[in-house]
Amino acid sequence: MLVYVIRRIVFGAAVLLGTSLITFVIAFVIPADPAVAVAGAKADPATLAAIRTELGLDQPLYIQYARYVDRAVHGDLGRSYIRREEVAGLIVSRFPATAILALAAMALSLVLGIPMGMLAAAYRERAPDNLLLVLSLGLVSIPVFWLGTILLIVGGLYLHWFPLGGFDGPKSLVLPTITLALGSAGYYSRILQTNLADAMDQEYVRTARGKGLSLRAAMFKHAMANAMLPLVTLAGLDFAGLLSGVVLTETVFNWPGLGRLAFEAVFNLDIPLVMGTVLFSAALVVIANLVVDLLYAWLDPRIRLGQQV
Amino acid sequence: MKFRLNAMETIGALMVLSLAVVAILAPWLAPYDPTRAVASTFGDPAAPSRMYPLGTDQLGRDVLSRIIFGARISLTVGVAAMAVTMTIGVTIGLTAGFFGGTIDFALMRFTDVMLTLPALLLAMAFVAVLQPSILSILLVIGLVSWTQIARVVRAEALSMTQRDFVVAARALGAPSARLIVRHVMPNVMPIIVVMAVLGTSGTLLLDAGLSFLTLGVPPPTPSWGRMIEEATTYFRVAPWLAIFPGLAIFYAVLGFNLLGYGFLRRRARAGVGL
Amino acid sequence: MNTHPRRHTQSSQGRAISAYAAAIRCCGVALAFIAALVALPGCRSGAPPLRFPPGAMVLKLAASTDVPTLDPAAGYDVDSWMFEQMIFDTLIRYSDAGVDLVPDLATTWESSADSTVFTFHLRHDARFTNGRIVTSADFKYALERVLDPATRSKGMEYYREIAGAEDFVAHRTKSVAGIETPDAWTIAFHLIAPDPIFLQKLAMPFAAAVPREVVEKWGEDFSRHVVGSGPFMLKQWIGGQRIVVVKNSGYFIKGVPHLDAVVQAIGVSEDLQWFKFEAGEIDVSNIPPAVFPYVMKTPRLRDLTLRIVTVTTRYMGMNCQMPPFTDERVRRALNYAVNKSKLIAVLNGRGIVANGVMPPGLPGYDPNLPGYPYDPARARKLLEEAGLVHGFEATLWMPADQTMMILGQSIQQDLELVGVHLRLKAVAFGPFLEAVRQPLTVPLFFMGWEADFPDPANFLDVLLSRQQWGGNNDTFFSDPRVEALLAEAAPLSDLARRYAIYREAERIIVSDAPWVFLYYPITYEIQQPWVHGYVLNPMRPARLEKVWLSPHPTS
């Protein structure tokens, strides 16, 4: 088990390193001269040269990369070109808004999606299942930004129930959460339905039911455990994605999160900020994967007992 | 072979087909040129009327024509991007699954790395570097979407490769290419088809999202996502400008989803695992 | 979004029956993980809530982008200047509603007859908000800071004509000899050549007094910790979220400002601003183009609007060094091909078709310039003459902005009719400015220029002279006749003659057509009925000292 854990952690770190390499390569392909970005367009060549040396831009790429990784590990992700603030600080300041939205959206999508999935599995292949399937597919097909815009206008302007965007107390959380959660709810309900129906089809469950076990007991005591795990896995990974920020929703609702920060960074060709946000979100995904893998290890006795999977 | 489609598949297929027809026949179906100003409603969009069934936008362009031509872009980008995704993903998946060992390890780690990179951001970064055009957009979308299919195909290829007859054939010296094509591919095909169909709904949404962020196909080519972006400021006075393109995206995505899920259902009912 | 569930190769038979309990456990772990993540950076509901004492008069505003900087030496845009003029004082400034000069921190001043020496007398009772009295040394320090290459100030060019400035810039001297401070209340500027508009240059926020000790303490971060002597002082600036300034009770003019604070929410798109205005959440707002016709048709709203023709010209610049724009005929053809009235219509009438470089409201404006009428046939003929009968392709660069995009598409439509295929390229504003200054990079671009001071030199010299290649002359235009005229006009204090020569230069420029002259924007803002004393200025952001609010429901 320990071996497994260590292996997974090492893999995770390696993946993160790989991600940082790719990010680094991309960042330097982006057409923006860092020295000019810092000094301004009218700076004379001498100033630009001085800044290049200071930023280490005259070193070969692999040395620049090494220096970047070294600093990143110590928490220094550089300074944003446009905003002149530290990247790490910017990310940390925007993270809470993203985290809260992510939590709320994930919670809502599970609260909606799990019962839908259970219902659909219970009435499998019959009218409720079909209806729920169509509903789920509908939810999944709605473009998030369109839904958000309509909710914002109707809820905020016509009905005056909610504030018009921005992060300003719990009421402002409602609309973006709904926007994000509906699609996921539909998706999760289908995952759950499929897995639940499969699980209830297993021999031992059918046998138990044949012996008189009620549908509800069958579902809860036997099938749910097996069915929930894939869902939780998926939700965990999705959650990592949510924590990295959702650009479209944040744009529509003017939510001060990481997604918009990253978008503005790319748009402004603000390389240190781009690299910082990408690395951060990659780190979240890696950590989420790690957590999921560790959970599997914990739950699956084969791994715990040290056998090869 | 019996080929009965269920209701969902049929509806989905019809929706996708109608979309394709509209896209192909756009120049004949659209009443006006989608990029020219055909009404003098500059800065003052007009509501749907008999002459302009879906109204006109703030540059005097006919919304219906723009939606029809928008189908062209959406479908082209969506399908072509999916083709790119499939090509990359299937190749990597098959290679990794079939050859196993270090090749598999290397490819899967590479896939892991790609998975950690946020897709939309990556797409934006690419667009910042390349000149946005239909070709570059679909390439970009294709490049950020292949990781899932790669993993799934790899899993199937892995399990096929471990079957006795394949192992035997390899031991006997059968060329890998032939084995892949004759034995692995046919079993992987259903998954590929389903994922291609379902994946197209994903690429469509990604394209619409990119356009909404004004990073998609550049004007004057009409693009549904961009139409919504241009319409947000007019929502109060001209809500139809934003509603119709949104409905169009919804229709297209739903069509592919119905088709894909319907197919899944049929196979599930027939007891055939994927 | 994922479209297919991740398949698991592990069979479900391996699970223990207590797997359900395990699932609960894992949910618990996940929740703990999440809670830790959120608790880590400190979980607060957005920005910490603002609290003002009851009855406080707070002006609420909103903007879509963050203020770039509050450092007077660095800021060169409308957003920065709006706050800088609240926090800092200059020697002289413009009146509330016009372009005439009035005292700010200087009470009186004299200019020598030949416009080379300017002397100012300061008031004795102005204090920085850290308590210290403002003296002439503070102004000298501020200008030397602007001239110092290390500050990278965008205003450096305006003060190089001070005697000794060049030596200072080249690090040959430690201070600028031409700025004399014989005593704490007197400051005199000696120029190397006559310049009648030097006074206007001192009215720009670049020349505001800054406290040396604060600048040296904060260095690069001075912008976030500004200390000035103006009517307001910085209370809070949460990047990307909001900026708050409060009344400076030590301001040297008693009784102002009336407001206790000004709060500007940041990151609020134009549409959202309008919605918030309708809801009473902000007090003054722009009017998005979509809503404009509706506002004008509604008497209740129309009465609340404020209108001013800003001293601004919007144009489409053509890089005279990049083909096909090297050919004068092509540039003129584009001027005939663009339907400028259509642009105004798309803007709902919020502009006047531009016939030249200088906008109305700028002293020296020529109302008799004929300009280029809309004539696509003539455009095609000119293109034919230039050998481009089949048209050509070009990329139009513009700062990323919804309105610009729409205008771009309108122009795209027009040019398509004469065979010119435009590609539209929206770029973030920072990189856009950078790119446009590089030679041979941007062939065609949208640009606007708002007057910094009321004189033709601010347009003609700054935007179209040879000296400004790589500076603000982004079309890399140069015409020796124009150069000669500009040099002739610069030192003239006889305004009639000065403007006459500048007009002649403008006529030549219009004929050479380095720009497609688009329009002069008309600014409309709307204020709540409880806002009083808010006045628009044609050349500067509105000053807020005299604004006051009557009690209202959303205080």
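A contact is defined here as heavy atoms within 4.5 Å of one another. In chain B of this predicted model, residues 24 or more positions apart account for 73% of the contacts with a separation of 6 or more. Local features required pLDDT of at least 70 and side-chain atom pairs pLDDT 80 or more, while totals for chains, interfaces and linings use all residues; side-chain values rest on heavy atoms, without hydrogens or water. Residues are numbered from 1 along each chain as its sequence is written, and chains are lettered from A in the order in which they are written.

Chain B comprises 11 helices and zero strands, helices being DSSP runs of H or I with at least four residues and strands runs of E with at least two. Its C-alpha atoms fill a box of roughly 75 × 45 × 30 Å along the principal axes. Of the 274 residues of chain B, 57% are buried (under 20% relative accessible area, 1.4 Å probe, protein chains only). The accessible surface of chain B is about 10,900 Å², with 69% belonging to carbon and sulfur atoms (Shrake-Rupley method, 1.4 Å probe).

Chain B carries 20 positive and 12 negative side chains, and the centres of the two sets lie 11 Å apart; Lys and Arg count as positive, Asp and Glu as negative, and His and the chain ends are not counted.

In chain A, A:E86 occupies the loop between α4 (61–73) and α5 (87–122). A:E86 is partly exposed, with a relative accessible area of 43% (partly exposed lying between the buried limit of 20% and the exposed limit of 50%).

Technical notes:
Charge placed at Lys NZ, Arg CZ, Asp CG, Glu CD.
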